[in-house]
Amino acid sequence: MERVQKKSRTSDEVENIAAVLYGVDDLRMVEWETPTPKAGEVLLRMQSVGICGSDVHFWEWGKIGDFVVTAPMVMGHEASGCVVAIGDEVKHLKVGDRVAIEPGVPCRRCDLCKCGRYNLCPDVKFGACPPTHGYLTHYCCHDADFCFKYVWNSVSSCDAV
């Protein structure tokens, strides 16, 4: 891995380091843009991110089946974090909430989504599966509907993953 390359920031920007896969055996810790939550999203300060077999497979082979790393991709999809900003239309979460992340965000429009089987959605966007970025970064945005609040004093951020 190479050293983190620093960029200049304005005083209101925060450092956001991410583990980014550039290709086979090419994982780098780099400064990544801190996103702004869109409508329906929350900005999370990541607290715990697991490394799973699919992360290792992408690192070693650059692909899994039809999913091929063709552009830099943030790794990690088993994650929990703390809400630090909220986009418009988010009603069930607030700044300071600790959440576990469902890494698969479905289309919500197909028949499978509408009948409650969103895990089978053919158009699901799954974290750390090309072309969707994962969560092994200090800050990232995620769809608020797929962030699940947990009680901070009964479950650790690691247990929430």
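**The largest pocket and the packing of the chain**

Tutor: In this predicted model, strand β11, residues 139-143, gives the most to the lining of the largest pocket, namely five residues. The space in the largest pocket comes to about 510 Å³. Its lining has 21 residues, and the closest to the pocket centre are Glu 41, Thr 132, His 133, Cys 141 and His 142. Sorted by class, the lining of the largest pocket holds nine nonpolar, seven polar and five charged residues.

In soluble globular proteins, nonpolar side chains tend to be buried together. Here the largest nonpolar core has 13 residues, and Val 42, Leu 44, Met 46 and Leu 93 are those with the most contacts inside it. Strands β3 (41-50), β7 and β8 (98-101) are the elements that give two or more residues to this core. The largest share, three residues, comes from β3. Beyond its neighbours within four places in sequence, Leu 93 is in contact with Val 42, Ile 86, Val 99, Ala 144, Cys 147 and Lys 149. A second, separate core has six residues, among them Phe 58, Val 69, Met 75 and Cys 129.

His 77 sits in the loop between β6 (73-74) and β7 (78-86). His 77 counts as buried because its relative accessibility is 6%, and the cut-off for buried is under 20%. Not counting residues up to four places away in sequence, His 77 touches Gly 50, Cys 52, Ser 54, Asp 55, Pro 103, Phe 126, Gly 127, Ala 128 and Tyr 135.

Conventions:
Residues numbered from 1 in each chain as written. Predicted model: local features only at pLDDT ≥ 70, side-chain atom pairs only at ≥ 80, totals over all residues. Heavy atoms only, no water. Helix = DSSP H or I, 4+ residues; strand = E, 2+ residues; numbered from the N terminus. Buried < 20%, exposed > 50% of the residue type's maximum accessible area, 1.4 Å probe, protein only. Contact = heavy atoms within 4.5 Å. Core = buried A, V, L, I, M, F, W, Y, C linked by side-chain atoms within 4.5 Å. 1 Å grid on protein atoms, 1.4 Å probe; cavity = no way out; pocket = protein on both sides within 12 Å on 5 of 7 lines; lining within 4 Å. Points joined across faces, edges and corners; volume = space filled by probe spheres on them. Nonpolar A, V, L, I, M, F, W, Y, C, P; charged D, E, K, R; others polar.
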